Amino acid sequence: MTKVLTDARSIRIKGRSFLAVVLSPDLPLDEWLTRLDDLASRSAGFFLGRPVVLDVTDLDIDRGQLKELLTAFADRNVSIMGIEGARPSLLGPGMPPALKGGRPVSKDSMAKEPAVEVPAGKLSPEVIREVRPPLQSIIVREPIRSGQSVIFPEGDVTVIGSVASGAEVIAGGSVHIYGTLRGRVMAGSVGNSSARIFCRKLDAELLAIDGIYQVAENMAASLKGQPVQLWLENDTIMAEKLA
């Protein structure tokens with residue numbers, strides 16, 4: 001006998017990509033956690049509500065140490081969505097799932113299309129996410145207010161305005177700010193060490209290029225309030241004034 005389901009309801013399943021922060025600890029873990037605490041204290045809210053992946057590919061630890069590390073993250077309100085590079089023996093019940101297949105977006109995969117402008121007045125109160133085919137760049141034609149994020153892993157971001165304290169711009173390529181940079185900027189976020197940061201007036205809370213970061217307290221006083229470009233050289237963020 002065949003039973004016909006007349007009240008069946010479909011389940012909608014969609015694919016969606018999100019930009020996650022990847023943390024790659026090194027030994028000894030207590031010293032690494034101290035550096036993490038320093039970053040968090042200098043840039044309040046950096047991990048708040050942000051998906052975080054723990055990469056243990058090159059970390060020689062056992063399951064007990066991994067559990068202690070996950071507990072340390074939980075104590076710091078850092079939510080680990082998945083673990084990458086873990087041996088099967090490392091993972092156990094109650095741990096985040098194993099992840100694989102994550103890879104940076106390469107420049108070769110970017111479509112050669114014109115830049116796209118984000119019109120003034122179209123910013124959401126919290127986060128701007130471009131859900132479009134891969135592009136080379138976007139242009140934001142208004143200031144980025146405190147609490148807002150511009151996230152564009154596919155390429156460059158240009159802001160025709162300022163980036164307020166508490167705001168952030170995350171780009172897979174370079175970031176150009178035609179105003180004052182008071183918030184956080186992360187360029188080369190998908191593994192692009194050639195990315196640069198340009199701003200008309202530097203007063204940033206945090207700068208990062210390809211995962212190498214620098215906080216306000218460590219920036220040269222002579223650069224504050226100046227037009228500056230920043231780039232990465234031998235895992236060190238370099239800076240110079242623009243004419």
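Predicted model: local features only at pLDDT ≥ 70, side-chain atom pairs only at ≥ 80, totals over all residues.

Q: Where is threonine 180, and what is it in contact with?
A: Threonine 180 sits in strand β11, residues 175–181. If you skip its neighbours within four places in sequence, threonine 180 is in contact with Ser162, Val163, Lys201 and Asp203.

Q: What makes aspartate 26 and arginine 35 a salt bridge?
A: Their closest N and O atoms are 2.9 Å apart. The cut-off is within 4 Å, so the pair passes. As for the general idea, side chains of opposite charge can pair when their charged atoms come close.

Q: Are aspartate 26 and arginine 35 buried, exposed or partly exposed, and how do you know?
A: Aspartate 26 has a relative accessible area of 35%, and arginine 35 has 39%. Buried would need under 20% and exposed over 50%, so aspartate 26 is partly exposed, and so is arginine 35.

Q: What makes arginine 76 and aspartate 37 a pair that links distant parts of the chain?
A: Start with the salt bridge: the closest N and O atoms of arginine 76 and aspartate 37 are 2.6 Å apart. Now look at where they sit: arginine 76 is in the loop between α2 and β3, while aspartate 37 is in helix α1, 39 residues apart.

Q: How do you know whether arginine 184 and glutamate 168 meet in a salt bridge?
A: Check the distance: 3.5 Å from N to O, and the limit is within 4 Å. The pair therefore counts as a salt bridge. Arginine 184 belongs to strand β12 and glutamate 168 to strand β10, 16 residues apart. There's a network here too, with salt bridges linking Glu168, Arg184 and Glu205.

Q: Which residues have the most contacts inside the largest nonpolar core?
A: They're Leu181, Leu202 and Leu207, in a core of 29 residues. Leucine 181 is in contact with Leu202 and Leu207, among others. Apart from that core lies another, of 23 residues, including Leu36 and Ala72. In soluble globular proteins, nonpolar side chains tend to be buried together.

Q: How do you know which side of α2 its buried residues are on?
A: The buried ones in α2 are Leu66, Leu69, Leu70, Ala72 and Phe73. They cover an arc of only 155° around the axis, so they end up on the same side of α2. Glu68 and Asp75, on the other side of α2, are exposed.

Q: How does the reach of α2 compare with what's expected?
A: α2 has 13 residues and reaches 18 Å from first C-alpha to last, close to the 18 Å expected at 1.5 Å a residue.

Q: What makes β1 and β4 the edge strands?
A: The open sheet has four strands in the order β1-β2-β3-β4, with parallel pairing. β1 and β4 each pair on one side only. Further in, β2 and β3 pair in the parallel sense over four bridges, and leucine 54 has isoleucine 83 in β3 as its bridge partner.

Notes:
Residues numbered from 1 in each chain as written. Heavy atoms only, no water. Pairing = 2+ DSSP bridges. Helix = DSSP H or I, 4+ residues; strand = E, 2+ residues; numbered from the N terminus. Contact = heavy atoms within 4.5 Å. Salt bridge = Lys/Arg side-chain N within 4 Å of Asp/Glu carboxyl O. Buried < 20%, exposed > 50% of the residue type's maximum accessible area, 1.4 Å probe, protein only. Core = buried A, V, L, I, M, F, W, Y, C linked by side-chain atoms within 4.5 Å. Expected span 1.5 Å × (residues − 1). Arc of directions from axis to C-beta.
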